[in-house]
Amino acid sequence: MTYLTIPISAKDLAQARRQIARAVDGGAEMLELRTDYLTGLMVERVRELLAAVRAAAAGASVPVIVTCRDKAEGGAKDYRETLRMEVLAAAVAAGADFIDCEYANFRRADNERRIRTALSASSKARLILSAHDFSGPFPDARRLCQDIRKACPEAVPKLVYKANHINDCFEAFDLLHGAGGDCIVLCMGEAGLISRILAKKLGGLVTFASIDAQAATAPGQVTAEQLKGLYRHDRIDEKTELFGVIADPVAHSLSPAIHNACFGEQGMNKLYLPLLVQGGQREFDSFMDNVLARGWLDFRGFSVTIPHKRSALDYVRAKGGYVEPLAEKIGAANTIIANSDGTLAAYNTDYAGALDAVTAGMGIGRADFEAMPVAVVGAGGVSRAIVAGLTDAGAKVRIYNRTVEKAERLAAEFECEFAPLDDLRNLDAKLVINCTSIGMHPKVEATPVPKQSLKADMAVFDTVYNPAETLLLKHAAAKHAKTIDGISMFVNQAMAQFRLFTGTDGSAKLMRQVVLGFLISHR
Ligand code: NAP
């Protein structure tokens with residue numbers, strides 16, 4: 001069992017009672033009483049805190065860890081070492097299930113004696129021996145874990161360190177995977193987030209989550225609500241298959257929410273993670289190598305976005321995997337499938353997502369793109385995928401861009417026309433597609449195409465999806481043109497990925513609901 005543990009970081013008993021009640025209501029499977037947060041800490045407080053937990057749990061069993069963290073290892077206040085040890089001893093006497101003592105302090109003979117004496121009088125309390133590094137990985141985490149086990153074989157080793165890169169998490173995974181007994185290994189910081197989510201799959205004794213973002217007691221801690229809702233904590237087990245979006249930044253990505261919602265709806269034992277991979281090709285390759293070298297992690301597929309789409313393509317090609325021809329032509333892959341036989345495949349669902357959004361919005365088939373005059377505004381990554389798809393389908397594309405040279409280069413590659421943005425005043429097209437960020441939140445009063453250029457016989461597609469109805473789409477609707485919003489493209493490309501990931505269809509309706517819900521809650 002991996003206990004979802006919520007730390008209680010109150011400054012007094014009244015605040016602790018409120019936090020405990022919220023934590024129990026919020027689904028805490030274990031509580032950590034961080035007594036070092038109390039002001040005027042006294043040994044007697046420990047008994048009162050444990051009584052407060054029993055009262056809030058109302059008969060249910062909510063195990064408790066009592067911690068009085070040394071300031072040198074992240075403690076909130078600088079309490080004397082003798083007081084901290086007395087607090088831990090009192091916690092054992094008061095019925096705590098676990099006490100957490102820093103391994104560095106336990107190694108001092110008088111501390112060890114005090115802790116062992118307290119534990120010998122209890123039939124249930126267990127010792128957690130912890131080590132923390134807030135700057136980065138330990139020089140030798142495996143050795144440290146062995147040392148802790150040697151010093152006290154019945155203790156639970158707890159190693160917590162900052163991941164400076166997602167690749168630092170793999171050492172934590174290896175330790176948990178080969179632990180052969182209760183163990184806690186977690187990585188702090190945004191790059192360490194997945195270690196908190198995956199602790200349950202890998203059999204860690206606990207993972208920590210805060211009641212809310214303000215109450216986090218370590219950098220990168222998620223809230224219990226996120227862990228249980230978004231990251232499906234209650235459904236994870238050692239067989240859970242993993243997926244994720246590789247990006248930098250990744251925190252804003254809606255992909256975990258939509259894919260996990262669909263996994264949940266279909267009762268699938270799958271989990272989709274945000275994978276913050278910082279750096280370029282080297283770091284990307286190293287991340288993929290790390291993942292693929294550990295088949296037991298059960299990673300099956302990846303969405304890939306800025307800035308790694310090119311790296312994804314090159315990685316799969318270098319590994320001799322299958323690369324979808326149009327992804328090759330676009331020069332970017334946004335999806336990698338890791339097959340169970342160890343082979344890889346790379347796809348680009350961006351262009352298909354966009355084209356499907358247009359065909360559905362215009363009520364046409366792909367064949368109807370043949371000879372259709374299309375104005376594509378923008379010459380970046382999204383434009384490139386859409387231009388590749390459209391020219392492949394036979395459309396007559398003209399690319400408009402602020403930096404005309406970029407439009408010229410793209411046009412030369414896909415044998416189409418180009419023009420400066422000013423030429424949008426004399427627009428002559430059946431389909432207009434905005435592939436720039438113009439009109440995106442918060443600058444919602446901007447539009448890339450003058451209103452007077454839009455006509456009723458046009459279809460206008462804005463790839464911007466925040467807001468769903470951009471000023472460009474408002475103008476197009478006012479002119480009675482057909483409008484297609486960016487959410488349709490986003491959902492379509494995610495639907496195509498879901499199909500590649502699972503072999504079945506996700507729910508476009510649910511995906512759209514999740515995206516709209518997010519946009520409304522972040523307005
Ligand atoms: P990108 O590679 O950075 O390209 C940005 C494009 O926008 C370039 O053509 C750039 O022109 C132009 N641009 C940016 N700011 C401008 C301004 N103030 N005035 C004129 N032109 C401007 O970005 P991308 O990856 O292609 O993404 C473009 C947009 O697509 C995003 O902003 C997003 O809204 C949308 N998108 C939608 C989806 C979806 O699923 N619906 C998915 C991804 C992205 P220069 O070349 O002159 O710099």
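**View 1. The shell around the ligand, sorted by residue class.** In this predicted model, the ligand's shell holds eleven nonpolar, nine polar and two charged residues. Here Ala, Val, Leu, Ile, Met, Phe, Trp, Tyr, Cys and Pro count as nonpolar, Asp, Glu, Lys and Arg as charged, and the others, Gly among them, as polar. That shell has 22 residues, and the closest are Ala379, Val382, Asn401, Thr403 and Lys406; a residue belongs here if one of its heavy atoms lies within 4 Å of the molecule. Two helices, α15 (381-392) and α18 (486-502), each supply at least two shell residues, with α18 giving the largest share, three residues. Helices are DSSP runs (H or I, at least four residues) and strands are too (E, at least two), numbered from the N terminus.

View 2. Look for pairs of N or O atoms within 3.5 Å. The side chain of threonine 403 places an N or O atom 2.5 Å from a ligand oxygen, and for the side chain of arginine 402 the distance is 2.9 Å. Phenylalanine 490 takes part through a backbone N or O atom, 3.4 Å from an oxygen of the ligand. On its own the ligand has 920 Å² of accessible area, and the protein covers 73% of that (Shrake-Rupley method, 1.4 Å probe).

**View 3. Leucine 4 in strand β1.** Leucine 4 sits in β1 (residues 3-8) and is buried, because its relative accessibility is 0%; buried means under 20% relative accessible area, with a 1.4 Å probe and protein chains only. Its contacts (heavy atoms within 4.5 Å), leaving aside neighbours within four places in sequence, include Ala28, Met30, Ala209, Leu227 and His233. Histidine 233 is 229 residues away from leucine 4 in sequence, yet their C-alpha atoms are 8.3 Å apart.

**View 4. Threonine 359 in helix α14.** Helix α14 (residues 349-362) contains threonine 359, which is buried at 10% relative accessible area. Not counting residues up to four places away in sequence, threonine 359 touches Ile364, Gly365, Arg366 and Phe369.

View 5. Leu510, Met511, Val515 and Leu519 are the buried residues of α19, and they pack against α10 (255-265) and α18.

**Notes for all views.** Residues are numbered from 1 along each chain as its sequence is written, and side-chain values use heavy atoms, leaving out hydrogens and water. Local features need pLDDT of at least 70 and side-chain atom pairs count only at pLDDT 80 or more, while totals for chains, interfaces and linings use all residues.

Conventions. Polar contact = N/O pair within 3.5 Å; in protein donor to acceptor, adjacent residues only side chain to side chain. Buried < 20%, exposed > 50% of the residue type's maximum accessible area, 1.4 Å probe, protein only.
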